Amino acid sequence: MSTIKPTNVINPNLLRLASMALADVLTGTGPADAKLGWFFKQNRELGTKDRAFVAESVYGVLRRKSFLAFVSDGEDPRKLLLAWLLRVQGMSMRDLDESLNKQQKEWAQEIKAKTPDPANAAMQADMPEWLWETLTKQYGEAEALVIARSMHLPAPLDLRANLVKATREDVVAKFASENTEVALTPYSPNGLRMAEKVTISRHKLFTDGKIEVQDEGSQLLAQLVAPRRGEMIADFCAGAGGKSLAIGALMRNTGRIYAFDVSEKRLQNLGVRLKRSGLSNLHSQLITSEQDPKLKRLNGKFDRVLVDAPCSGLGTLRRNPDLKWRQTPQDIIELTAKQTRILTRAAKLVKAGGRLIYATCSLLQEENEQIAEAFLVANVDYKLVPANEILAQQQIELDTGKYLKLLPHLHQTDGFFAAVFERTA
Ligand SMILES: C[S@@+](CC[C@H](N)C(=O)[O-])C[C@H]1O[C@@H](n2cnc3c(N)ncnc32)[C@H](O)[C@@H]1O
């Protein structure tokens, strides 16, 4: 839904700046969020509203790029931006009249006149051909289209109450006292969903560590790990610690969590979040790869090992729409090989009777079911534990079968997949 108020925001200079930011992002040479961060550093004079406009328009164009390229006859960022305002945001020529020069007004007329062929499903889905074909093979055309379209909308802002410092009720009461509308997430017992986007990073609840930003789906993965107090847990691909922190809180700061990752920068971010969280049961450890010799002494030591594997991220297109244009079929082949290597190594860390949880934020069977099934064939000392049974034990009413499979249009979360294996010997 548009938050842009044309009359008080858009002006020719802002359109120019947004086009520049978009041009940079469209080079595809790096993630959109990093490119935008760099752009804002170069343009420090931009105020909050102007930044919001630039970010919203860049992400808006990325979500609908193939449709917008069709109606604007190419990938000129100035035309794409105009097309987004007119054809996606529903602005009229009158709304934009004072912001456009003569040439832009001519472009706008042309953009308004073009209509794509309604039978072109890949354009309706707004995906590259290879991805659209893969999804239709997997889900059938009708469901693939619903999934693709659900990714055209931005994600809501989800929070997790940090049980070490506050209950969900405390957090709701605080927001209510400020007249900030917030709903309880339907599945995660500790989650909250903001009715509107707010700048949460300066809110006292956030700076005090009583809340964290975390998609409800990601919170559910921590629930699927089902850690018990006092246990030894490994988060093998911990990144900036979204799931490690949620697991630590579920354990009420008892036991020990090892947060491994190959990225020093991500582990540094985890350190900042860890300080705010008040947890003292989390130990982060940089590794060189899944074969790092440091891991050897930990073989067979863990009750739970989570592998939140590096993946295509195609389940997060609401937040990272650039991924659908940046990923290639070759990337998927390389990722699946890496996922298998990481899962195979991480499995050695699990003790007999312990569990290994494999998770991705991908929509593709190649990265999900196929990895899980091949793992079970190659590792006869593991058996599958149905995800629906684990969630039911946690009093979470969510049954997606033996695997956890979350989709935005069904669960209002990012797209996630998870499989749980138990070590039998
Ligand atoms: C999906 S992200 C993890 C997100 C994180 N678990 C969270 O909840 O915020 C995948 C992570 O795997 C890490 N990674 C990539 N290759 C790895 C490897 N060989 N061993 C361990 N971690 C790896 C990446 O640096 C990245 O942080």
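Two strands count as paired if DSSP finds at least two bridges between them. Helices (H or I, at least four residues) and strands (E, at least two) are DSSP runs, numbered from the N terminus. Welcome to a predicted model, in which local features need pLDDT of at least 70, side-chain atom pairs count only at pLDDT 80 or more, and totals for chains, interfaces and linings use all residues. Residues are numbered from 1 along each chain as its sequence is written.

**View 1. An open sheet of four strands runs in the order β2-β3-β1-β4.** The pairing here is antiparallel. At the edges stand β2 (182-184) and β4 (211-213), each with a single partner strand, so one side of each is left without a neighbour in the sheet. Neighbouring strands are turned by 35° against each other on average, direction ignored (axes are lines fitted to C-alpha atoms, and angles run from 0 to 180 degrees between N-to-C directions).

**View 2. Here β2 meets strand β3 (residues 191-194).** Three bridges join the two strands in the antiparallel sense. Look for L184, whose bridge partner in β3 is L192.

**View 3. Domain 1 (6-116) and domain 2 (216-423) come from the domain assignment of the protein.** Such bounds are taken from an automatic or database assignment. The C-alpha centres of the two domains lie 37 Å apart. Eight residues from domain 1 and four residues from domain 2 make the contact (C-beta atoms, placed from the backbone, within 7 Å).

**View 4. Helix α4 (residues 48-63) gives the most to the side of domain 1 that touches domain 2.** Its share is three residues.

Technical notes:
Two residues are in contact if their C-beta atoms, placed from the backbone, lie within 7 Å.
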